[in-house]
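Open the structure in your viewer and keep the selection tool at hand. Each stop below says what to select and what is there.

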Amino acid sequence: MAPRADPESTPARPDPARLARAIEADYRFIWRLLRRFGVPEHHAEDAAQQVFLIVAERMTDIAPGRERAFAFGTALRVAQTLRRRLGRELPYDQQQLDERGAEQSTPDELVEQKRARELLDHVLQQLPPDSRTVFVLFELEALSSPEIAALIDVPLGTVASRLRRAREQFRTLVAEAHRVEPAHEREGR
Amino acid sequence: MKDPTRLLDAPASELERHLLRAGAAEQPPSAAMKRLADTLGVSASIGEHTHAAPSKLPLLAANKGALAIGVATLATLAAVGWLATRSGVHPGPSGPTSEPQQSSNAPSENVVPMRGALPNMTTAAAHESNSLAQEIARIDAVRRDLAANRTKSAVAGLQDYQRDFPSGVLRQEAELLSIEAHRQAGDRRRARTLAFRFLANNPDSPHSARVRDLLQDLGPDAR
């Protein structure tokens with residue numbers, strides 16, 4: 001087992017440069033993960049901040065090169081804790097349109113993107129957590145299978161089987177959502 | 001082992017691609033990372049190349065998505081409507097809602113300061129950090145007990161932690177310390193049981209590798 005910091009000593013402040021590198025490299029990745037794991041947009045910044053506070057607190061215990069893996073595991077727990085605290089399913093996140101989006105898109109595009117993400121998140125939440133994790137990392141974050149295996153600490157074959165299962169479920173759920181559309185929507189076209 | 005083709009690049013339905021593009025293109029607010037860096041006091045160490053980068057996906061997505069919007073919009077709206085009907089949740093208007101918004105610069109009250117100043121935390125983050133600071137203090141106390149071989153005190157501290165923070169952010173670390181505490185106390189059987197339970201419940205945890213190391217140390221026949 002890797003030696004740990006002496007718990008009797010005064011806790012050291014993390015190396016600012018190392019912490020800054022971790023933030024720079026992984027902030028957006030972590031923020032998006034939090035979103036895909038059910039954190040509403042107006043809570044995502046606070047949740048990401050919480051993740052990196054923990055990273056900062058634990059930096060001296062994190063092996064060099066494992067910052068992303070630690071932040072990733074922490075993000076999953078923060079998302080789970082937050083969802084439990086909010087006490088409800090959150091696919092329909094009714095936040096205001098965010099400042100970034102408002103800078104870039106037309107109102108129609110924003111509405112459409114928002115609704116597409118709501119549906120995506122609803123579908124993702126129906127996947128088993130293990131499958132969802134692999135699916136998000138592969139399909140949305142474009143990580144390779146070896147990168148995912150290293151990040152979540154499972155064999156490559158496990159990544160492949162979880163991804164295969166997740167894809168099947170994703171396609172089934174999307175097809176179901178598409179097929180069973182309400183009559184008033186069809187009539188409205 | 002070769003990776004399969006991603007759905008965005010594979011024959012997939014337009015709706016599938018549309019949903020994936022929307023998720024991959026989502027970005028945090030442009031100033032969010034700077035606010036975090038300010039909070040942690042590392043703004044000066046953040047480099048210049050902090051432009052908004054989407055996920056590693058080649059996004060064509062975000063732009064090409066505009067072309068697909070017309071096709072996918074009706075399908076998405078219909079599907080969202082169906083989900084709303086099924087789940088009993090109204091998708092809601094597209095504009096602002098009455099949900100209270102967090103003030104990004106609201107002063108925080110009764111916040112236990114963590115290591116380093118956190119002057120710009122949002123109210124919600126400050127509230128969370130207060131609880132988090134308490135969790136960290138408890139866990140650090142347990143670690144000090146273990147370092148000083150006060151295993152009974154460590155186990156008691158962990159039981160208190162688990163009672164007071166059943167959904168705590170550091171509960172996995174507490175479980176890991178619990179395994180270490182029982183091993184240190186000579187209760188290898190209990191330590192093994194806790195280790196197996198941890199791995200079963202948290203296969204993807206960043207602590208899993210350490211728990212497996214502990215299991216190896218405990219040996220195959222610990223009874």
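Predicted model: local features only at pLDDT ≥ 70, side-chain atom pairs only at ≥ 80, totals over all residues.

Residues are numbered from 1 along each chain as its sequence is written, chains are lettered from A and ligands numbered from 1 in the order in which they are written, and side-chain values use heavy atoms, with hydrogens and water left out.

**Chain B**

Select chain B. It has eight helices and zero strands; helices are DSSP runs of H or I with at least four residues, strands are runs of E with at least two, and both are numbered from the N terminus. Of its 223 residues, 48% count as buried (under 20% relative accessible area with a 1.4 Å probe, protein chains only; exposed is over 50%, partly exposed in between).

**The cores**

Select A:I23 and A:L34. These two have the most contacts inside the largest nonpolar core, which has 85 residues. Such a core is a set of buried Ala, Val, Leu, Ile, Met, Phe, Trp, Tyr and Cys residues joined through side-chain atoms within 4.5 Å. Helix α1 of chain A, residues 16–36, gives the most to this core, with ten residues. Now select B:I179, B:L194, B:A195 and B:L199: they are among the eleven residues of a second, separate core.

**Two helices of chain B**

Select residues 171–184 (α6) and 208–218 (α8) of chain B; their axes come within 10 Å and cross at roughly 15 degrees. Axes are lines fitted to C-alpha atoms over the stretch in contact, and angles run from 0 to 180 degrees between N-to-C directions. The crossing angle makes α6(B) roughly parallel to α8(B), a label for angles under 35 degrees. Which residues of α6(B) make the contact? They are B:L176, B:I179, B:E180 and B:R183, and they meet B:R210, B:V211, B:L214, B:D217 and B:L218 of α8(B). Contact means heavy atoms within 4.5 Å.

**Two loops**

Most residues other than glycine have a negative phi. Select A:A142, in the loop between α6 (129–140) and α7 (145–152) of chain A. A:A142 is not a glycine, yet has a positive phi of about 60 degrees. Is A:A142 buried or exposed? At 12% relative accessibility, A:A142 counts as buried.

Last, select B:N149, in the loop between α4 (123–147) and α5 (151–164) of chain B. B:N149 also has a positive phi of about 60 degrees without being a glycine. At 53% relative accessibility, B:N149 counts as exposed.

Note on methods. Parallel < 35°, antiparallel > 145°, perpendicular 65-115°, else oblique.
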